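Biologist: I'd like to learn how to read a structure like this one. Can we go through it together, starting with the domains?

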Amino acid sequence: MFKLILRNVGARKMRLAMSALAIVLGVAFLSGVLVFSAGLSKTFDGIIQGTTPDGVVRVEGAESFTAGETGVSAATVTPDTVARLAALPEVDRADGNVDGFGMYVVDSDGDLLGGTGAPTLAFNRTEAPNMDGNNILTLLDGRWGKGAGEIVLDEGSAEKAGYSLGDSVKLLTPAGQLERTATLVGTAEFNGGGTAGATLIIFDTPGAQEVFLGGRDVFTTVALTAADGVSQSELVKAAKAVLPAGFEAVPGDQVVKESEDAMAQFLDVIKTFLLVFALIAVIVGAFIIVNTFSILVAQRTRESALLRALGASRRQVTSAILAEAFVMALFASTVGIGLGWALARGLAAMFSSFGLDIEGSFLNLTTATVVTSYTVGILVTLVAALLPARRAGRVAPVAAMREDTVPAKGSLRRRSVIGSIVIAVSVAAAIAGLAGVDGMPAAAWVGIGAFLSLLTVAVLSPVIGFPVLVACRAVFGRLFGASGRLAGENAMRDPRRTGATASALMIGLALVSTIAVMAGSMKASVDTVVDEQFAPDFIAQSVIFAPFSTQVGDRMEQVDGVATVSRQQMLDAKVDGHNETIGAADANFDDVSKLEAGEGSVDFGAGKAIINEDKAEEEGWKVGDTLKLAFPGGKKLSIQIGGIIRENSVVVFGINVPLEVVEQAGIQRQDNALSIVLDDGADPAAVHRALDRVAKPIPLIEVNDKEGFAESIRGQVNQLLYMIYGLLALAIIIAIIGIVNTLGLSVLERTREIGLLRAIGMTRRQLRRTITLESVAIAVLGAVLGMALGLIYGTLLQRVLKEDLTVLSIPFSQLLVFGLIAVVVGVLAAVMPAVRASRLNVLNAISTE
Amino acid sequence: MTSPVVTSPAAARAVDLTKVYGSGESEVRALAGVTLDLNAGEFTAIMGPSGSGKSTLMHCLAALDTPSSGQVIVDGTELGSLSDKDLTVLRRSRIGFIFQSFNLIPTLSARENILLPLSLAGAAPDQAWFDAVVDTVGLRDRLGHRPSEMSGGQQQRVACARALVSKPSIIFADEPTGNLDSVSGADVLAFLRRSVDEFGQTIVMVTHDAVAASHCDRVIFLADGAVVDELARPSREEILEHITALQAAAVGNRRDTGA
Ligand SMILES: Nc1ncnc2c1ncn2[C@@H]1O[C@H](COP(=O)(O)OP(=O)(O)OP(=O)(O)O)[C@@H](O)[C@H]1O
Ligand SMILES: [Mg+2]
């Protein structure tokens, strides 16, 4: 039996190779994502471990990773404390650190370096070793800097920014003095290599103190190195005795864990995102496998029957086919895993263009990756081949004797009944989502409904898609005469086969269309919200949403025609014990933003907290209640609720406080956004130009009017959209392979018929056209079903997410483009089978038995 | 050499036709210099032992295969100089085919199958002619059926109708009754006979069946790739006699060469 299986695989090399390609690509994507993800984690874990000392003294409550984006505590440690720490017997050495968040490098072209990718870290260099006892930094070129006028950059950034040693580097500082320059005197990297794309700006201690702490001889954190034989916990315990209030000592291991966890949250989003697309590719590949094996089994009915007649049991026939699938899967997964390793490098290159550098040496095939990839590849193939294999087993032995070999087929009726039930369940799930049934978020209900119905429609496509095929036949017949009509007939001759082939494309297009509707709605909703609620004339923001120096606002206030600049900052706080990001805004904010009071007063000048309607409802807060806020650095404040804002999307924070609270909370004053209102009669265009001139040397800042603001959000939506399209492209490519495969097998099966057609006068060109049109019919079927489903899913999702996606917008022109692409896909997929068919020798074709 | 005379009364003619398969040891001379005129308006049968080259000759005459040497002229056109496209157009406009089996496109109805060569050419059918042909083969009530819904005999009659409907200069039939029972076979033969008599159609048929050949105006005997004999309007007995003689000769030959 085994010999027969191997021989079968051998004999059908070409046919199997094509369907194996579907598995190869699916597995390649999967293992590529796994390799990439592992490399991503390793890169960050390596950096985190390589930069953390035995113990850290830091401001109480500072979550090391989020610090900097939502304000920096102004609390500091004196050299006195550092000396006392160093004097402890458990401490080998204590080094004061100056960490400056929010500094950026302007590259030699005047653009921001880094930007949306990995962060920019500015700090002082000390001799403190990491917990493995190694230096944290390695100097690669030049020397370390001296004073605020000299810096060392990491090698990658220096190169990207176009600076070489001796150049004057322009820096944007986060607070106080906005711009400064420093001479590049050296390049460095983290010990162990790489910075994961982060930009490092390294000063000496006095330099960092001058830049970030106004020249005071103090520190933001302290790195502790344990004496020989002292454990991290003993070290920390000893340190606690000499710490000032508001500071804590934390073991290095804990810092590593916190950082890794914080990083993992961010990395998991990327990994899950990629993994979803890999799984889509695998599922689409599975459809191709089901289809290929169905066709192969059908073509082998005689052979199976003969085996049965000769005494093979059903099981033997079924397992022979499964074994064949296994051999194919093994082979395809092996190739796929190899390809995935290369693909991971591609992904790394793509992410590096977003500013996330993965160490090439970390992109390795781990045992886990290999095992997972093989398991998925083989399991998916076997499950997909199971149905056709069982069908082969059901072939009656007498079929060996029959002229016309029609394979045993389960009735489409049974499919339809089961399918209808599942569709009903999906509709119920969607309705549950729309009705807001508890237990799951509404979008999850819709998601379940979408998933179930997508698979069901895929299985039912021969039934549901039939009218589409009838329409294709009619249209082709009218446009192309006999060859068109034949193509339509061929597409309908085995609706299961056509349906299954189209399903792969359908899944891809359903997802693409869903995303298109969501993105369209998102853009339309943004437009509406911005239109209704963008109250000031301009808003100035950081392009990376980081806080910036208050000097930006100071300069903009000076611009002719500007009446008011209202400032906003966001900060982290513990509210009644749990973490919240809260907004702070100056007294002009309520006027500038045209806020309406639902209750009480929304005057930001009244020294009271202003709460968003939703938040108040959620927490049951009322005007007059008192909120207890605690801030990093240990400051605690109580503030009374002064008013509740009526529904407004501009105010994104639940809790808002007057701007003076920032300083009372011991947090450094910076701005996150500036709302700008013009003098009556000022020329908006002229003022905009003047504001742009202010922002020009600070490439961090962008000034937008209403239209520009909406445009920049639309731009971000588009960027995400194109990335998703790109990732879905692989699923579409696999679907194309499916069509090529089916057509190829069909051509083979119809050799005699093709010979007959050629004999009675079909030209090669007509034959090619017939096959191309059949392919187009398959593609159109997939596209029509997919887009119809995508429209439904997109609309449903908009409905359940209508809090954020207020407007439904169906991008018809994009859908039209998808339809055209489907036709092109059909034409391309037909090229190979059509050429092959037209090259068939007429005589051989006729005499083929 | 001047090109062949185009005003020949022959619907098709073969001039010193040879066809060689393979080379060296495995060389097979399927046709060893066949010169033959197939007259317009005649029903010709080609007979001969298995492997004598009947099908090969027909394929060469019908522009389905290219001879190794020699010329084929169909309806005044020399085939050797034609491109694949021209040959295809020639086949669909001037040649009709009836094969032994698998004659019809399974996805098309009888009507569509009959009209297929015309539709491929983009030509409009002559309705009166179509009706006449359909009535002659007696398929009026089957026109909407697909091949799988028809008997073998009916399928062959559809194939005959298809061959006729484009009014070709010549129809080639390779054992058209080979797969049929004697009654259905007789039906098909009667129909072919009528189309020669009533419509003046030219038909060339390969057959092993003496009864079938006895419907013909002329019977050509082939052996070892060459024309060895021919009979005009022979009876079944005459044909059988001839075949027996040929077979005896063949067996004799084999003995001679085998010794
Ligand atoms: N494609 C081919 N390759 C090699 N030899 C071939 C090929 N086709 C035919 N032949 C050989 O040419 C010879 C003539 O074959 P042909 O099919 O013309 O015989 P036939 O008279 O039609 O026989 P039958 O009555 O069995 O149909 C035979 O010896 C056959 O083996
Ligand atoms: Mg033959």
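Biologist: How much of residues 727-841 of chain A is helix, and how much is strand?

Modeller: Helices (H or I, at least four residues) and strands (E, at least two) are DSSP runs, numbered from the N terminus. Over residues 727-841 of chain A you get 84% helix and 0% strand, with the end C-alpha atoms 41 Å apart. That stretch belongs to a feature that UniProt, in an unreviewed entry, calls "domain: ABC3 transporter permease C-terminal", placed at residues 276-395 and 727-841 of chain A. UniProt positions are in the numbering used here, feature names are shortened, and annotations may be inferred rather than shown by experiment.

Biologist: And which feature does UniProt place on chain B?

Modeller: The unreviewed entry gives "domain: ABC transporter" at residues 12-249 of chain B. There the chain is 39% helix and 26% strand, and the end C-alpha atoms are 29 Å apart.

Biologist: What should I know about the model itself?

Modeller: It's predicted: local features need pLDDT of at least 70, side-chain atom pairs count only at pLDDT 80 or more, and totals for chains, interfaces and linings use all residues. Residues are numbered from 1 along each chain as its sequence is written, chains are lettered from A and ligands numbered from 1 in the order written, and side-chain values use heavy atoms, leaving out hydrogens and water.

Biologist: What is the mean pLDDT of chain A?

Modeller: pLDDT is the predictor's confidence in each residue, from 0 to 100. Chain A has a mean of 85, and 93% of its residues reach 70 or more. Over residues 64-68 of chain A, though, the pLDDT is below 50, and this stretch has nine contacts (heavy atoms within 4.5 Å) beyond near neighbours in sequence. Chain B averages 85, with 93% of the residues scoring at least 70. Its residues 1-8 are below 50, and that stretch has six contacts beyond near neighbours in sequence. For the complex, the predictor gives an ipTM of 0.84 and a pTM of 0.80.

Biologist: Now helix packing. At what angle do α5(B) and α6(B) pack?

Modeller: Axes are lines fitted to C-alpha atoms, for helices over the stretch in contact, and angles run from 0 to 180 degrees between N-to-C directions. Helix α5 (residues 152-165) and helix α6 (residues 182-199) of chain B pack at about 15°, axes 9 Å apart. So α5(B) is roughly parallel to α6(B); angles under 35 degrees count as roughly parallel, over 145 as roughly antiparallel, 65 to 115 as roughly perpendicular and the rest as oblique. The residues making the contact include Cys160(B) and Leu164(B) of α5(B), and Phe191(B) and Leu192(B) of α6(B).

Biologist: What about α11(A) and α22(A)?

Modeller: Helix α11 (residues 412-435) and helix α22 (residues 764-800) of chain A pack at about 25°, with their axes 9 Å apart. That makes α11(A) roughly parallel to α22(A). Ala430(A), Gly433(A) and Leu434(A) of α11(A) meet Leu796(A), Arg799(A) and Val800(A) of α22(A).

Biologist: How far apart are the axes of α22(A) and α23(A)?

Modeller: They're 7 Å apart, and α22(A) packs against helix α23 (residues 812-839) of chain A at about 145°.
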